[in-house]
Amino acid sequence: MKVLVIQQKMIGDVLTSSILFEALREHHPNAELHYLINSHTFPVVEHNPNIDKFQFLTPEIEKKKSLFNSFLKKIRKEKYDVVIDVYSKSSSNLITLFSGAKTKISKYKWYTAFLYTHTFKEKSTPDTNAGLAIENRLQLLKPIIKDDLKPIKPKIYLTEREVEDAKELLEKFKIELSKPLFIIGVLGSGKSKTYPLEYMAKLIDFIVEETQGNILFNYIPNQIEEVKTLMSFCSESTKKHIHFHIFGKSLREFIAITKHCKALIGNEGGAINIAKAIDKPTFAIFSPWILKEAWNMFDDGKLNDSIHLNDIKPELYQYQDLKAIKKDYQNYYKAFTPELIVPKLGQFLKAIG
């Protein structure tokens, strides 16, 4: 059996969907398993032993119709028996259609259901602490795995060399690994998923005051001005604990650096999912318009915890849907003050010791 799993776009999605390969490998050990992803997301699934081959959708292929058509022909030549379209949008609809696979699986949408042999409606309430992102993906395997599947936690596979190189980098910059080291996810994937910088600075002040730990930021070079703005909001005593000049120059290097940290704290998103996938404690701050039940994967209220404005002020959500909240995200963030987060963050810091 030859299987293609399609999961385009975001890093967190690609990492989460990689759980399908662990289940497929266990139940179909002789199957040939391929993963179609956007090329920039490869670092989170590199060295995954359950994936036999990657099909990369590059920016050039996405932008140029002739290249995309050639890509469709390439997929068809693979002669897949099964295509699992997790992404389920126009481009993956086309890829699935042109694959020629006998079995085509995806989530249910009334306007695309005819393209697939099996579709599944997404659950709205999780049955386990794995969360909806995990549970809804696993149900896509029902047509080819008859056994009940237990929740699977995403995993990232680092090499010993990568972990050692990250340790040497931290030691080069005089970071004492005997002291608590926290990495802060200071910026979300967009403004509507970024906790206000002035508020975030107060949380960082609190972390340093409570732990006397050192602080790293997760960012890329073109975000340096935002990082400097955040730094300006921090207290003078906190600034002495921040080492903003240390950051991962690649996604794999960031992951390896995170491996040496006490925890990752900050905006919910790919970085939080990455930290969980290497078994590091996490504390996630959800954007007011994101459904927490979908992405609070494997939260246990101790080593992995999260907070949402709806947890504290549910009355703000009584008459609004998430689309309306997204449009008005700035006012919702304004109501999500650090004082509302500090009590739960303090409990998290105590839990991780």
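Buried here means under 20% relative accessible area, exposed means over 50%, and partly exposed is in between, with a 1.4 Å probe and protein chains only. By that rule Phe54 is buried, because its relative accessible area is 18%.

Some housekeeping. This is a predicted model, where local features need pLDDT of at least 70 and side-chain atom pairs count only at pLDDT 80 or more, while totals for chains, interfaces and linings use all residues. Residues are numbered from 1 along each chain as its sequence is written, and side-chain values use heavy atoms, with hydrogens and water left out.

Back to Phe54. Phe54 pairs with Phe56 in a stacked arrangement, 5.8 Å centre to centre with 10° between the planes. Rings of Phe, Tyr and Trp (its six-membered ring) pair if their centres lie within 6.5 Å; planes under 30 degrees apart count as stacked, over 60 as edge-to-face and the rest as tilted. Phe56 has 30% relative accessibility, so it counts as partly exposed. Tyr195 and Tyr199 make a tilted pair, at 5.6 Å between centres and 50° between planes. Both of these tyrosines, Tyr195 and Tyr199, are buried. The whole structure has 13 aromatic pairs. Phe54 and Phe56 also belong to one aromatic cluster with Phe21, Tyr35 and Phe42.

Next, two helices. Helices (H or I, at least four residues) and strands (E, at least two) are DSSP runs, numbered from the N terminus. How do H4 and H5 pack? Helix H4, residues 65-77, and helix H5, residues 90-99, pack at an angle of about 45°, with their axes 8 Å apart. Axes are lines fitted to C-alpha atoms, for helices over the stretch in contact, and angles run from 0 to 180 degrees between N-to-C directions. H4 and H5 are therefore oblique to each other; angles under 35 degrees count as roughly parallel, over 145 as roughly antiparallel, 65 to 115 as roughly perpendicular and the rest as oblique. On the H4 side the contact (heavy atoms within 4.5 Å) is made by Phe68, Phe71, Leu72, Ile75 and Arg76.

Arg76 is partly exposed, at 46% relative accessible area. Not counting residues up to four places away in sequence, Arg76 touches Leu97, Phe98, Ser99 and Gly100. Arg76 and Ala101 are 25 residues apart in sequence, and 8.4 Å apart C-alpha to C-alpha.

Last, Ser106. Is Ser106 buried or exposed? Ser106 is buried, because its relative accessible area is 0%. Ser106 is in strand S5, residues 103-107. Leaving aside neighbours within four places in sequence, its contacts include Asp85, Ser88, Tyr116 and His118.
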